[in-house]
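Subject: Structure for you to look at

Hello,

Here is the structure I said I would pass on. Please open it next to this message and follow along.

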Amino acid sequence: MGLFSKKWDPRGRHCFVTGGSSGTGLALAVILARRGANVSIVARDEARLKKALETLEKARQGPEQILRAYSFAVDSEAGSLAALKAAGEPFGGRCPEALFLCAGAARPSYWVEQTDDLLRNGMQISYWAQACTALAGSKEMVKQGVKGKIVFVSSVLAFFSIVGYASYSPGKFAIRGLAEALQSELQLYDIDVHISFPPTIYTPGYETENKTKPAITLKIEETDSGLSPEEVATGIFKGVRRGNFHITTGWIGDTFRASTAGSSPRNSYVADWLYAAFGYLFLPVWRKTVDSQVKKHREEHQEYLKMRGFFSTQNPT
């Protein structure tokens, strides 16, 4: 985006937020409502949606705003299209102008404890829940001539991954690949694409995630300084307003982003060059410390697997 380009303003626009009943999705919806947007939040849990809508109403700026909540599963094209159609009804059937795709969850565990069903479910909640909404939404935008925005929410784990996230990070890498392709293709229709890579987000979902997270993963993340949903949502909103394709929050996220950008559009050539240079020196050292921690955990991990009954008769040689 050029230095003097006009920043995106959500006022009066219809913004559609999946995963909008809690966490980052709800925090984003509140920011958009405070900026005068019409906001539709979508999630599965009707009780949580009702409470979320009450929170959203407190951010209302005027009686003309349309703030609604819809209960749909969005991990299929049909479900996503139904949600979009329902959200469009108060607007004469017009498709929302901005899609903020926050649906998703993590269920960390060891790779050897996975099953094919668990792996497929991991992709369902970390990839398809956003990809299907993007598919249905982009089709509707193109059909109706809506020059809108699609905002994916991936994870910093789309830049790298570590022990415990084998069922989660592939979906986040896949979202990045999808966003890279659509950033190019949807220029045919003047539709903007953005993707956010947030770090650890302190939400009720994070507490649930920690219940299955391997001990070594928790240890590696001991020094991780996470963010609140409001901080992440603010970063996403600012990045979208500026027109950034890749959106990260904090110097660590910026370092990973700049170091793995490839041919993606840069946020700032000078700043990104400095982050990339720092990452070239810092990130391999950091990774060595992580790998060292994993190797030291081998004996404890073997005991864990024994307790879980993983070995039928004897340890592998």
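Below are notes on one strand and on some aromatic rings.

The model is predicted: local features need pLDDT of at least 70, side-chain atom pairs count only at pLDDT 80 or more, and totals for chains, interfaces and linings use all residues. Residues are numbered from 1 along each chain as its sequence is written, and side-chain values use heavy atoms, with hydrogens and water left out.

Strand 1

Helices (H or I, at least four residues) and strands (E, at least two) are DSSP runs, numbered from the N terminus. Strand 1 covers residues 14–18, and five of its five residues are buried, so the strand is largely enclosed by the rest of the structure. Buried means under 20% relative accessible area, exposed means over 50%, and partly exposed is in between (1.4 Å probe, protein chains only). His14, Phe16 and Thr18 are buried on one side of the strand, and Cys15 and Val17 are buried on the other.

Which strands pair with strand 1? Two strands pair if DSSP finds at least two bridges between them. Strand 2 (residues 38–43) runs parallel to strand 1 and is joined to it by five bridges; here cysteine 15 has valine 39 as its bridge partner. Strand 4 (residues 98–101) also runs parallel to strand 1, with four bridges, and its leucine 101 stands opposite threonine 18.

Strand 1, helix 1 (residues 23–34) and strand 2 form a right-handed β-α-β unit. Right-handed means that, with the strands pointing away from the viewer, the path from the first strand over the helix to the second runs clockwise.

Aromatic rings

There are 14 aromatic pairs in the structure. Rings of Phe, Tyr and Trp (its six-membered ring) pair if their centres lie within 6.5 Å; planes under 30 degrees apart are stacked, over 60 edge-to-face, and the rest tilted.

Phenylalanine 159 is in the loop between strand 5 (149–153) and helix 5 (169–185), and phenylalanine 197 is in the loop between strand 6 (192–196) and helix 6 (204–212), so the pair ties together parts 38 residues apart in sequence. Both residues are buried.

Phenylalanine 278 and phenylalanine 282 make a stacked pair, 5.2 Å centre to centre with 10 degrees between the planes. Both lie in helix 10 (residues 269–296), four residues apart, about one turn of the helix. Phenylalanine 278 is partly exposed at 36% relative accessibility, and phenylalanine 282 is partly exposed at 29%.

Finally, ring pairs link Trp8, Phe100 and Phe237 into a cluster.

Regards
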